[in-house]
Structure formats: C-alpha cells, structure tokens
Amino acid sequence: MAIVAFDIKDFKKTGLEQPRIEDALLKMGVEIEEKDDNEVKLNITPNRPDLLDFNGICRAVLNFTGMRTPQENFYRIKKSSEPVLTIQVSQEMRKIRPYIAGIVVRNVDLSGNVLKYLINFTEKFADTYGRKRKKLAIGVHDLSKIKGNLTYTAVEEDSFVPLNETKKMKLSEIMESHDKGIAYSSTISKKNGQRFPILKDSEKILAFIPITNSEATKVTEKSTSLFIDITGTSINTINEAAALIACSFIDMGAEIGQVAIDYDGNADLTPTLDYDEMKLQLGSAKKTLGVDISEASVVGLANKMGYVAAQYGKSVLFYIPPYRVDVLNNQDIIEDMAIAYGYDKIVPLPVVGSADGLAQELMEYQNSVAEYMLGLGYTEAINTLLTNEKDEFDNMEFHDYDRKSYISIAEAKTSMLTMIRKYIMPGLLGSLRNSAGETMPQRMFEIGSVFSLKNGAALEAISIGFVSEHSKANFSEIKGSVEALLGFLGMKGYSIVGHDDPSFIEGRSAEIRKGDSVIGVFGELHPKVLENFGLEEPVIAAEIKLVGKVEY
C-alpha cells in the first residue's frame, strides 16, 4: 500500500468535483485515507501503479465517470528521424544493474503542484513497484543542462554534488554518510566488487544510480524539457515503467522523444508505447461474474476502465493501453469488468445443497486415534507428502529398493522433492532432527497418507507412525505403545513376530501380522540410521497401517 495526496483544486481544473471523485474512487476500489476541503489522501494498492500518479488518477476517474472516452492509439510517440539521445551501456553493468531506459519530454508545464506530484510519484513508484529501488529506480533531469550523449557505467570512485547539496562528495562518502546512500546502499550489487553505477554526459555525472541525482541537472518549475532515466534488474520492468511514465506526460499535453540504448552495438529505443490485444470470450466473463451481459455492454464497461474494445464475433477484443502494466491475462480484464459493472449490483446466489455438512467418518476415526496418542504422551507432527529417495530409503538403510514400488515425480525441479512418500517414519526422523535442541525425551506421531505402486497401479493407505528419542529408549517401550494402540483400535487376531530389517538393530525389531498380511513394523533403530539423520540419542519407532493397502 502507498499513500498519495492531491489537492482538490487540481482535480477541479480537470472538471472533476469532489463528490464525483470520491464516488468513482470508492467504486474502483481506491480507499480514501483522509480528506478535507483542500486535500484528499488515497491508499493505492500495488496492483495499480498507474494510480500513484495524479494524471493516472484523473485519467481513471474521467474514464469511469464517462467524462472521457478512450481513443485507439491515443498514446503514441510522434515518429522522428532519429532518437534525441543515446545511452552507451558498458559491459560491466551486466553484473551490477544491467538495464536502463530513457525518456525525453518536451513542452512540459511544471508549474503549480505538477513538479511536486512528479517527484512524489517517482519516489512512491520506485518504493512500491520498484521494491525500494532494488528492482527499479527513476531519475528526473533538466534536459537543457545535459551535454552530449550519455554513458551508463561503473567506477571505483568519483565525486559530484548530490541533489540539494552544495559541496562535492565522493561516491564512497555518499554511501556512508548521505541519507539516501545509507537508505539504498543495499540496492547496489557487489558481484563485480565495490564499483558504483553512474550515469554521465560528456562533461559530468548526472546520477549515482540508484542513490541520488546530481544538483547539476536539478529540475525546477521553470524547466520545460526533461530527461528521465529508469534503471533496474529486469528489462521488461523498466520498459513497462517507461511506457507508464510517458503516458502520464502525454496526458499533460507534452511531447515524448525516444532514447537509444546501446548494448554492445545493438540499440533499443525507449519508450515504446505498444497496445497489447486480448480476446475475451463472453461466456467466460458471464460464468466468472455470474451476470448476464451482452457484447455491447462489455464494450461500455471496457471504456469505463480505460480500454478501447470492439465486438469480435462472440468475443470482445480489448486493446490494453501501455500504462496498464498490471494487466497480464483475461482474469485481470474480467476483474475490471466487475469493477465497472459494480460489485454492489452483483447479487450473491445461495449455495445449493441437500444436507448439512458433517465430518467424514474416516477423519473422525483419525482424530480419535490422534487423541489417544496424545494421551500416551506423544506430540503430533505434520510432514509433507513429497520427499526424496535419500531420506525415504538410503537414510533408512534400504539400499536395494525397487524403483517401481513408489511414485516418483517426473522432471523434478529440486533433488529434495522427487517422490511421494511411501512411509511415515522417515519424515518423523527428520522432525526429530529438526528439534534436536529440545529437552528429551522427544516423542512424536503422525497420521497420514502413504502411497505405493503395485503392478503399475497406485495404492493409497492411511498409516500411523510414532517415534521416541531418549537415552533409555528400548524395545520394551515401543512394544508396549504398539500393543496399547492395537488394543485401543480393537484389533484382534494379530501376531507379533521377530524379523530382520536393515532399519533396526538385529534382534530388536518385529513385524505385526494379521493373517497373511504384514500391517506394521516396530523396534529399535539401527545406529547407522541415527547417524544418517543426525540423531544422537537412541530412537525407537513404529509404523502401522490403519486403512487401505500398503506393503512393509
């Protein structure tokens, strides 16, 4: 959120009266923070950076109230034979702050509050959309004070007079003692050592990027031509910002000139004011909004939000103005249609259902088991279903596992998440590792889904795992907990049989059988397993199937 303040008298110059402004802003979702007869303060959300600007607010309100109709290709640059300026970008800027855009503005009137609004907008825009100048920063200069073409480069040291100062300061001195240097020093990448990014003309430094501009190119109310630099880490972001700013000056009646950005001999022109096109299926809009609207009414709603639109068969073609950098897809357009239509006019429908909501029987069963485990002194843990082969098998000393017995993730993006868990026990041991600094004993349990593959078919089961870590942990303790739980579950006809398992100490583990099926295992974990998980105290563990099919 960002708070911006504007004088009521400046709105009146555009033909807008205070009640109409307030009504339109509230319907557009712009919160009025404070107001009186002279000033209004607005709370602007980050998704509409164009509304941080006075011209952007006026444009939006004029469109919304129907006092202005958007025109196709209104925001265009008059074609000229060549760019007004050229900025040469040095190669070393790639590792520091690689991208820059430029705008030339001519025949601009900065009298009254215009200059104040411009400065406030660039500051708010860089702090919000630009993430406190880390992603994007803006500099405004008096074009008449610039000599020759520009160079965007980095230096180890230099000096100039910072904006609103009277004495020269070294770049390193600005970083250490100037208020802007202290505030924004973290925005300068040090990948290439301690080198400072600057923008200079043929005679002097114009700006220490993105810290402060030079006093030499200071803008005043008498300035009639401007040069604006936008620097950042994303070429798309700075070009979008350049387009947004250029549109604001066009609304003021100023003339926009382009700047050539020379990256290794390849020149890009900025700004470029391109209208994107998006086609909206009317059925999609109706389904999302829950409102029956015609193609003709959609065009009218589009105009209220600043779009030029036209019917295109059963669709509506939208022309996205260059200043709407927030519009990414059709959902953004549908949201704007809802705002233009009026959320207060969209009637909510009752949820259709034939029964009251009830807890699932399976969930009630799991909750009762969890309650019992809490009574035994265990704390509930919750781990993710996604894991990896190292934790699931290797750390458990299962080195000869069958890769066709579990569900793996195709084209996994990280080695930490490569499969869906087959067992609960490894996740609990990871939880013990993460709580190694806590007071012993540590006792944890988890109830949840486990998955396996059998003959190519995926199987899901609900299992419970529980572990206990302390210096006197032994087989008798875990056997007692297992028998107590099985008694609570009302399980009969089971048997406990000793077996060898690489995860457990030989002779100190057992499996739980019911008929011909193994429904669980428990015992004292092997020292190698403890070492693999970084556990120092003895650990006893058990895992039992509660519901479904699973193989141990």
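Reader: Where does M416 lie, between which two elements?

Author: M416 lies in the loop between α12 (389–392) and β21 (419–420). Helices (H or I, at least four residues) and strands (E, at least two) are DSSP runs, numbered from the N terminus. This is a predicted model, in which local features need pLDDT of at least 70, side-chain atom pairs count only at pLDDT 80 or more, and totals for chains, interfaces and linings use all residues. Residues are numbered from 1 along each chain as its sequence is written, and side-chain values use heavy atoms, with hydrogens and water left out.

Reader: Thanks! How do I read helix α2, and which of its residues are buried?

Author: Start with the cut-offs: buried means under 20% relative accessible area, exposed over 50%, and partly exposed in between (1.4 Å probe, protein chains only). In α2 (residues 18–28), the buried residues are Q18, I21, E22, A24, L25 and M28. They pack against α1 (8–12), β2 (31–35), β3 (39–44), α3 (54–64) and α10 (330–341), where contact means heavy atoms within 4.5 Å. Just after α2, G29 takes a positive phi of about 90°.

Reader: What joins the side chains of D23 and K27?

Author: First, the general idea: an α-helix has 3.6 residues a turn, so residues three or four places apart point the same way. Here D23 and K27 are separated by about one helical turn, because they are four residues apart in helix α2. Their side chains meet in a salt bridge (3.4 Å, N to O). The rule asks for a side-chain nitrogen of Lys or Arg within 4 Å of a carboxyl oxygen of Asp or Glu. D23 is partly exposed at 40% relative accessible area, and K27 is partly exposed at 45%.

Reader: Are R324 and D326 buried or exposed?

Author: Both are buried, and their side chains meet in a salt bridge of 2.8 Å, N to O. By the rule above, the count comes to 19 salt bridges.

Reader: Which residue does E477 pair with?

Author: E477 forms a salt bridge with R443, and the closest N and O atoms are 3.3 Å apart. This pair links distant parts of the chain, with E477 in helix α14 (residues 475–488) and R443 in strand β22 (residues 442–454), 34 residues apart.

Reader: Last one: which side chain does the side chain of H141 touch in a polar contact?

Author: That of D229, at 2.7 Å. A polar contact is a pair of N or O atoms within 3.5 Å; within protein, one must be able to donate a hydrogen and the other to accept it, and residues adjacent in sequence count only if both atoms are side-chain atoms. H141 lies in strand β6 (residues 136–142) and is buried, with a relative accessible area of 0%.
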